[in-house]
Amino acid sequence: MNYPCPCCGYKTLPVPAKEAIAYICPVCFWENDIFIQSTEEPSDQNHQMTLSKARENFKKYKAVDKRFLYHGTDIYAREPKEEEKPAETPPDPPFCEVSVCEENPPLYCKPKPEKPHNKIFLPEAKNSYIIIIIK
């Protein structure tokens, strides 16, 4: 069973994203960075590119950066295989629900805006949450 890449959403990771240390997705060429805490945090593994920018580039170029399409005669990023395709378009970070976070914590999480407060899973500290008060 493969798991979705946090950038392109195709099922190319051999283990869940939070465990895929420095794995490079063959479809988009994103190097999985388990240390970033949000889609806007620069990734050391990806030359300070944010996950948001990589996703934007993937929509434009079909790679996190157009230089990964070809380098001389080498081709880095590739088309996804049929079994790697997700059920729907590549994801944005999921909204957190307490039950979802407790049962299957996502790598990236953001609160639902319509609630006055929410618990957010912190990937670096298992079973830890912070409460955000939205005024």
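Modeller: Happy to! This is a predicted model, where local features need pLDDT of at least 70 and side-chain atom pairs count only at pLDDT 80 or more, while totals for chains, interfaces and linings use all residues. Residues are numbered from 1 along each chain as its sequence is written, and side-chain values use heavy atoms, with hydrogens and water left out.

Colleague: Which residues of helix H1 are buried?

Modeller: First, the terms. Helices (H or I, at least four residues) and strands (E, at least two) are DSSP runs, numbered from the N terminus. Buried means under 20% relative accessible area, exposed over 50%, and partly exposed in between (1.4 Å probe, protein chains only). In H1, residues 51–61, the buried ones are Leu51, Ala54, Arg55, Asn57 and Phe58.

Colleague: Why do they line one face of the helix?

Modeller: An α-helix has 3.6 residues a turn, so residues three or four places apart point the same way. Here the buried residues of H1 fall within an arc of 165° seen down the axis, so they line one face; the arc is taken from the directions from the helix axis to the C-beta atoms. Exposed Lys59 and Lys60 sit on the face turned away from that buried side.

Colleague: Is Thr12 buried or exposed?

Modeller: Thr12, in strand S2, counts as buried because its relative accessibility is 5%. Beyond its neighbours within four places in sequence, its contacts (heavy atoms within 4.5 Å) include Tyr3, Tyr23 and Glu84. Met1, in the segment before strand S1, counts as exposed at 80%.
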